[in-house]
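Have the model open as you read.

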Amino acid sequence: MSKFEELHKLMSEMEKDDGLPLKKGATKLVFGTGNTNAEILCIGEGPGFNEDRIGEPFVGQAGKLLDKLFVLAGLERKQVFITNVVHHRPPENRDPLPEEISAYGKYLDKIIEIINPKVIITLGRYSMAKFLPNVFISAVHGKRYEVLVGGHMTTIIPMYHPAASLRNGVVLEAEKNDFLQLKEILSRMEEEEKKKVPESEQMSFV
């Protein structure tokens, strides 16, 4: 089964799961979108008004800003897969509760397992806390961490949530710098990857 098929199967399971705590008040399940073969997985917080209506993550103002931030890192949205820690909209856009994050966590873990990304970009403190607990986002944003995720060492890069950047000019400037730095981090990782491949296995097309 391809990753695309596995994700669609998982999405069907989620749609049938009436035990998910935020399902009742939501319009649509916001599972995730993007490149199912992506090496980069972005994890946000939870759907807002527009996401709940359309059924896709980051389609409002925060999503438009995220697209611009991707450009600073030399990326396009179609290169990544994007999801959230909770997949139904919390009432009045409130923060997700610990028990809600936990209830959706088994599905998020499965999404991570299927995508099997090299890099996870967390957007906001709730997704950051899944991989880097007991830290403040103000101290760790934009930095590279290696974390054991599902048995694999995975690069985690915590970022501010784009919605926070829309509300605060200082945070916006910091986030722009972080995404510019992300371009360098990804480039460095590519170089590291090349060094791991023995010269005898490297192909030259020159």
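Asn84 sits in strand 3, residues 80–84 (helices, H or I of at least four residues, and strands, E of at least two, are DSSP runs numbered from the N terminus). With a relative accessibility of 2%, Asn84 counts as buried; buried means under 20% relative accessible area, exposed over 50%, and partly exposed in between, with a 1.4 Å probe and protein chains only. Its side chain reaches the backbone nitrogen of Glu45 at 3.0 Å. Leaving out residues up to four places away in sequence, Asn84 touches Ile43, Gly44, Glu45, Gly46, Pro47, Pro57, Phe58 and Leu108, where contact means heavy atoms within 4.5 Å.

A word on where this comes from: it's a predicted model, so local features need pLDDT of at least 70 and side-chain atom pairs count only at pLDDT 80 or more, while totals for chains, interfaces and linings use all residues. Residues are numbered from 1 along each chain as its sequence is written, and side-chain values use heavy atoms, with hydrogens and water left out. The chain averages a pLDDT (the predictor's confidence in each residue, from 0 to 100) of 94, and 95% of the residues score at least 70. Over residues 202–206, though, the pLDDT is below 50, and this stretch has two contacts in the model beyond near neighbours in sequence.

Now the helix pair. The axes of helix 1 (residues 3–16) and helix 4 (residues 98–115) come within 10 Å and cross at roughly 170 degrees; axes are lines fitted to C-alpha atoms, for helices over the stretch in contact, and angles run from 0 to 180 degrees between N-to-C directions. That makes helix 1 and helix 4 roughly antiparallel to each other (over 145 degrees; under 35 is roughly parallel, 65 to 115 roughly perpendicular and the rest oblique). Helix 1 brings Lys3, Glu6, Leu7, Leu10, Glu13 and Met14 to the contact, and helix 4 brings Tyr104, Tyr107, Lys110, Ile111, Ile114 and Ile115.

Over in helix 5 (residues 125–131) you'll find Met128, buried at a relative accessible area of 3%. Met128 and Ile157 are 29 residues apart in sequence but 8.5 Å apart in space, C-alpha to C-alpha.

Methods: A polar contact is a pair of N or O atoms within 3.5 Å; within protein, one must be able to donate a hydrogen and the other to accept it, and residues adjacent in sequence count only if both atoms are side-chain atoms.
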